[in-house]
Amino acid sequence: MELITKAPRGTKDILPEEIARWQHVEKMILRVCDLFGFTEIRVPTFEHTELFERGVGETTDVVNKEMYTFLDKGGRSITLRPEGTASVTRAVLESGLYGGALPVKLCYLLPCFRYEKPQAGRLREFHQFGVELFGASEPAADAEVILLASRIFDAFGLSNVKLKLNSIGCPECRKAYKAALTEYFAGRAEELCDSCGERLSKNPMRILDCKSPVCAEIAKGAPSILDYLCEDCAAHFTKVKELLTAAGAAFEVDDRIVRGLDYYSRTVFEFVVDGIGAQSTVCGGGRYDGLAGQLSDRELPGLGFAMGLERLLLTLEAAGYQFPAPAVCDLYLASAPGAENAVVALAEKLRGAGLSVQTDLCGRSIKAQMKYAGKIGARFSAVLGGDELESGKAELKRMEDGEKFTVTLAEESQFVTVIKENCNG
Ligand code: ATP
Ligand code: MG
């Protein structure tokens, strides 16, 4: 028989020893969302394939090369979500959330799926934290979304994360810009990689996003979108920069940032880290005022970002971030033969009083139970047997130094007090 003990390539279990880090990161992130008034939304893991084809764009790598698409048993084309924005926008349109108080401010923590070549910081199933804000076209909204992302990095004390900012204008300003880009790249078409050869006719801005060093070098000399912004887009960009400066957020304007997805307009940005290897973009986002109109008959300005949680964790680990210690067992309650009923009853009472309590589930000897208590790092242990049940008292042993504290079995509050007051750490 062939063993089935290996997860598919590009997926990763999050094991018990790592979970405290994930939970900590998620908690910190959601706390920052609260500070800005963003509420969590949960959307389905799969959607109709057309949502991403139309929402993310058919000339993008995500749609062209990376989607997990299949026919379900009803013959419909279904895709595992490669990102959150299209789904969240679809949910806002479907639920009519746009009809309530505007702006709508949403955040999410979601697994995403992309068929990519797995490497450090690049998986086939990965996790995104993101926010989306709908119904506000003012530069203040752009600034707020960027400040939220910045505050997350600040909350972790990360100082090696840099904000890169650009504006890619509106479809109007892009017409002239795309023509200028096409002319520039056409002059060097021979040197571009195969994918960029194709991008040249379909969407020349994509070439600026190509990861091949040759294309990146050629892109350096390309015209800048900032020279092609219409008056409104230029004023919008100026105001975003002004607000960020007023809020004390450092940024660098980088006119090579165009983002990989088709739906962006005006403000785009990335947060980039030093020291986590090639996959250095931890967070990317921007404004996508045209997206709702591409999916429905309703125009609704929107913007947001997505942050890769695996890359955020890599960044925190590289920075030597001190994660809080994982939760440990307060008390291991060992049972002598015959005391099992009393042990299960007491353990339940103590859990009711807020202590984390573990007991024997394997029929072990007292000695083996104590060994297990040591292995799981229990703070205190106690043995319940005939003597304890008769006297109504037990001794709590502090595992780290063996010091003993006597407690009355009938008084749970004594257990709580002794354990809380006498555990070091
Ligand atoms: P990249 O250029 O690294 O492929 P992207 O532009 O495709 O990133 P987005 O679609 O903007 O990425 O997704 C937002 C964030 O999600 C990225 O900045 C990154 O942190 C994370 N991310 C994207 N793809 C992956 C992946 N395959 N594995 C892990 N994290 C990812
Ligand atoms: Mg990508």
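This is a predicted model: local features need pLDDT of at least 70, side-chain atom pairs count only at pLDDT 80 or more; totals for chains, interfaces and linings use all residues.
Residues are numbered from 1 along each chain as its sequence is written, chains are lettered from A and ligands numbered from 1 in the order in which they are written, and side-chain values use heavy atoms, with hydrogens and water left out.

Back to the charges. As a reminder, side chains of opposite charge can pair when their charged atoms come close. Take glutamate 40 and arginine 42, whose side chains form a salt bridge at 2.9 Å, N to O. Are these residues buried or exposed? Glutamate 40 is partly exposed at 30% relative accessible area, and arginine 42 is exposed at 67%. The cut-offs for those words are under 20% relative accessible area for buried, over 50% for exposed, and partly exposed in between, with a 1.4 Å probe and protein chains only.

Next, lysine 65 and aspartate 61 are joined by a salt bridge at 3.6 Å, N to O. Both sit in helix 3 (residues 61-65), and because they are 4 residues apart there, about one helical turn separates them. Helices here are DSSP runs of H or I with at least four residues, strands are runs of E with at least two, and both are numbered from the N terminus. Lysine 65 is partly exposed at 46%, and aspartate 61 is partly exposed too, at 27%.

Arginine 398 and aspartate 401 make a salt bridge at 2.8 Å, N to O. Arginine 398 is buried at 10% relative accessibility, whereas aspartate 401 is partly exposed at 43%. There is also a network: salt bridges link Glu47, Arg90 and Glu94.

Now to the ligand. How many residues surround ligand 1? There are 15, and the closest are Arg114, Glu116, Leu123, Lys211 and Arg259; to be counted as near, a residue needs a heavy atom within 4 Å of the molecule. By type, that shell splits into 5 nonpolar, 4 polar and 6 charged residues.

Let me walk through some contacts. Arginine 259 has a side-chain N or O atom 2.2 Å from an oxygen atom of ligand 1. Arginine 114 places a polar side-chain atom 2.8 Å from a ligand 1 oxygen. Threonine 281 uses its backbone instead, with a polar atom 3.1 Å from an oxygen of ligand 1. On its own, ligand 1 exposes 580 Å², and the protein buries 92% of that; these areas come from the Shrake-Rupley method with a 1.4 Å probe, and for residues only the protein chains shown count as cover.

On to the backbone. In general, most residues other than glycine have a negative phi, and most peptide bonds are trans. The bond from leucine 102 to proline 103, though, is cis, with omega near 0°. Proline 103 lies in the loop between helix 4 (85-95) and strand 5 (104-113). Then there is arginine 266, a residue other than glycine with a positive phi, near 55°. Arginine 266 is part of strand 9 (residues 265-273) and is buried, at 17%.

Last topic, the cysteines. How many disulfides does the structure hold? The number is 0, taking a disulfide as a pair of cysteine sulfur atoms within 2.5 Å. For cysteine 362, the nearest cysteine sulfur is that of cysteine 329, 14 Å away. As for accessibility, cysteine 362 is exposed at 53%, and cysteine 423 is partly exposed at 23%.

Methods:
A polar contact is a pair of N or O atoms within 3.5 Å; within protein, one must be able to donate a hydrogen and the other to accept it, and residues adjacent in sequence count only if both atoms are side-chain atoms. Ala, Val, Leu, Ile, Met, Phe, Trp, Tyr, Cys and Pro count as nonpolar, Asp, Glu, Lys and Arg as charged, and the others, Gly among them, as polar. A salt bridge is a side-chain nitrogen of Lys or Arg within 4 Å of a carboxyl oxygen of Asp or Glu.
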